[in-house]
Amino acid sequence: RGDETIVLSRRGATPWTPDGTIGPWAREIDGAGAIVNLAGEPMPDKRWTTAQKERILQSRVLATRSLVAAVRAASRPPAALISGSGVGFYPDSEKVVDETSPPGAGFLSRICVAWEAEAREAEPFGSRVVLLRTGVVLHREGGALPKLLLPFRLGAGGPLGSGSQWWAWIHRDDWVRMTLWAIDTAAVRGPLNVCAPEPTRYRDIAKAIGRALRRPSFMPAPAFALRLLLGEMADEMLLASQRAVPARARALGFTWSFPELETAVRDAVTPRHAPR
């Protein structure tokens, strides 16, 4: 849309040092319109040993601390700091939760609480802070969906565990649109549930994937097998219920391009320029 985007990277021309301190890269923060902070050790790539859990936590806390330090040092602080978080902030529960609901007590909740607290430290220095509590992002090019699709493509797709757990989800295009909207909308501040209007039980997501791929969707992955394979990660990332709704986005007038599961899944799994 014409914005100039600067990506901070460890391998960039001005190396990014997300260790809680600032370096020469901090000059990019001074005068920027906004920061979008999504940095952190990937969650599902390795089994959650004690050491890996610490890496996941500290990578988010220290990266955010570095950015806040750069905001503090800036002569012209960015108008907004849009900082990552997740619906894992909420407890594993059947209850509907929104941005006013309290956090859970699990590992993901503790990460989100610590991550958000670091971001909020930018508020006294003039940056409006938005905390993106993101649900499961649906797109064939990354995130959770490609891993979920594999068993379906092999004809063995179906529910994870009982399939009764609630997932808050969002199509990637709507994630991008909501993030840009959060940058542009001064009334958006604090927690923002970045998800579609209605969460869905995973068994219904599985059925939608099966229909989109024209593959079976009735082969469950037993909970005990997922726990054996993934350990604690299975309970927190696959089997837990987060019935989060985007109350703030609805109240402030955001509109979704993909509000319905069936359309979102079909678009997410099908290449847009695929031959008919």
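Mentor: Before we start, contact means heavy atoms within 4.5 Å. This is a predicted model, where local features need pLDDT of at least 70, side-chain atom pairs count only at pLDDT 80 or more, and totals for chains, interfaces and linings use all residues. Residues are numbered from 1 along each chain as its sequence is written, and side-chain values use heavy atoms, leaving out hydrogens and water.

Trainee: OK, which strand holds Thr134?

Mentor: Strands (E, at least two residues) and helices (H or I, at least four) are DSSP runs, numbered from the N terminus. The run to look for covers residues 128–134, so Thr134 belongs to strand E4.

Trainee: Is Thr134 buried or exposed?

Mentor: Look up its relative accessibility, which is 16%. The cut-offs are under 20% for buried, over 50% for exposed, and partly exposed in between (1.4 Å probe, protein chains only). With that value, Thr134 counts as buried.

Trainee: Which residue in E8 stands opposite Thr134?

Mentor: Strands E4 and E8 run parallel, joined by five bridges, and a pair needs at least two DSSP bridges. E8 covers residues 190–194, and five of its five residues are buried. Setting aside neighbours within four places in sequence, Thr134 touches Ser85, Gly86, Val87, Trp175 and Val194. The one opposite Thr134 in E8 is Val194.

Trainee: Moving on to helix H5, how far apart are its end C-alpha atoms?

Mentor: H5 takes in residues 202–213, which is twelve residues. The expected span is 1.5 Å times one less than the number of residues, so H5 should span 16 Å. The model agrees with that, because the end C-alpha atoms are apart by 16 Å.

Trainee: And which residue just after H5 takes a positive phi?

Mentor: Step off the end of the helix and check the backbone there. The phi is about 60°, and the residue is Arg214.
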